[in-house]
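Here's a quick briefing to read alongside the model. Have the sequence and the 3D view open, and we'll go topic by topic.

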Amino acid sequence: VGLFDVFVSYRRTDTDMVRLLVDSLRRRELSVWFDETAIPDFGGITDSVRQGLAESKALLVFYSSSYPQSSPCQWELTSAVLASARLCGPRRRVLVVNPEPGPGHIEPVELRDALYMTVSTQDADQIEVIADSIASHVDRLHGRLGAGIVSPALWLPAKPSAATRFVGRWKEMWRIHSALHAPETVTTHGTVGQGAVQVRGLGGIGKSLLAREY
């Protein structure tokens, strides 16, 4: 009860093409969490979004070039990547559909290196092929992303106010994450010991804010 096959994460500017894909998935009897209610780029994440993601098997990202510019989209992606990493690895439960000619805008790099699906037009046959692939993949998944989502960090004496205009540093955020977690993948990165990151730069460019927001 309440289990979704996929949670769809996308920019509202891509709604038309995404809706075609969602309709195709539903024709295959997949349960899809798809919200057409616009969340402002600097708006908060609603409880329904948090619950929908936690109760889904996988995150389906329509990764257009404008996707990284949305704070809510980045929250959905980050939460799913971290949860998937704790469960079975980010490639298993984060599925990417790329409508762009190249993969350079896709972060983290694990998703860029994965065999993402491409769609260049609203061609019905192409969308049907992608839907078949997604349906086949999620059929082999068990459990929910919520099993890998941990509680937010505890701030004392009080949680700081959110930096509502903090945006555009998503590449730096993923670089910090990769460095901190490199020892967990010692066989591929060759890093041993405790993960640590030093954020350096000129005064006033936002080093402390970057670290805090991460």
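Pro108 sits in the loop between strand 4 and helix 5 (109-113), where helices (H or I, at least four residues) and strands (E, at least two) are DSSP runs numbered from the N terminus. A cis peptide bond joins Glu107 to Pro108, with omega at about 0°. Bear in mind that this is a predicted model, where local features need pLDDT of at least 70, side-chain atom pairs count only at pLDDT 80 or more, and totals for chains, interfaces and linings use all residues. Residues are numbered from 1 along each chain as its sequence is written, and side-chain values use heavy atoms, with hydrogens and water left out.

- Strand 3 and strand 4 run parallel and are joined by four bridges; two strands pair if DSSP finds at least two bridges between them.
- In that pairing, Val61 stands opposite Val96 of strand 4.
- Strand 4 also runs parallel to strand 5 (residues 117-118), with two bridges joining them.
- Here Val97 is the residue opposite Met117 of strand 5.

**Helix 1 and what follows**

- Helix 1 (residues 15-27) has 13 residues and reaches 18 Å from its first C-alpha to its last, close to the expected 18 Å; the expected span is 1.5 Å times one less than the number of residues.
- Its buried residues are Thr15, Met17, Val18, Leu21, Val22, Ser24 and Leu25.
- An α-helix has 3.6 residues a turn, so residues three or four places apart point the same way.
- The cover over the buried residues of helix 1 includes strand 1 (4-9), strand 2 (32-33), strand 3 (56-62), strand 4 (94-98) and helix 6 (124-138).
- Which residue just after helix 1 takes a positive phi? That's Glu29, at about 65°, and Glu29 is a residue other than glycine.
- Glu29 lies in the loop between helix 1 and strand 2, and Glu29 is exposed, with a relative accessible area of 75%.

**Rings**

- There are three aromatic pairs in the structure; rings of Phe, Tyr and Trp (its six-membered ring) pair if their centres lie within 6.5 Å, and planes under 30 degrees apart count as stacked, over 60 as edge-to-face and the rest as tilted.
- One of the pairs is Phe7 with Trp33, whose ring centres are 4.4 Å apart and whose planes are at 10°, so the pair is stacked.
- Phe7 lies in strand 1 and Trp33 in strand 2, so this pair ties together parts that are 26 residues apart in sequence.
- Phe7 is buried at a relative accessible area of 0%, and Trp33 is buried at 13%.
- Tyr63 and Tyr67 have ring centres 4.8 Å apart and planes at 50°, so this pair is tilted.
- Tyr63 counts as buried at 0% relative accessibility, and Tyr67 counts as buried at 0% relative accessibility.
- The charged end of Arg12 sits over the ring of Tyr10, 4.4 Å from its centre; for that label, NZ of Lys or CZ of Arg must be within 6 Å of the ring centre and within 35 degrees of the ring normal.

How values were computed
Buried < 20%, exposed > 50% of the residue type's maximum accessible area, 1.4 Å probe, protein only. Contact = heavy atoms within 4.5 Å.
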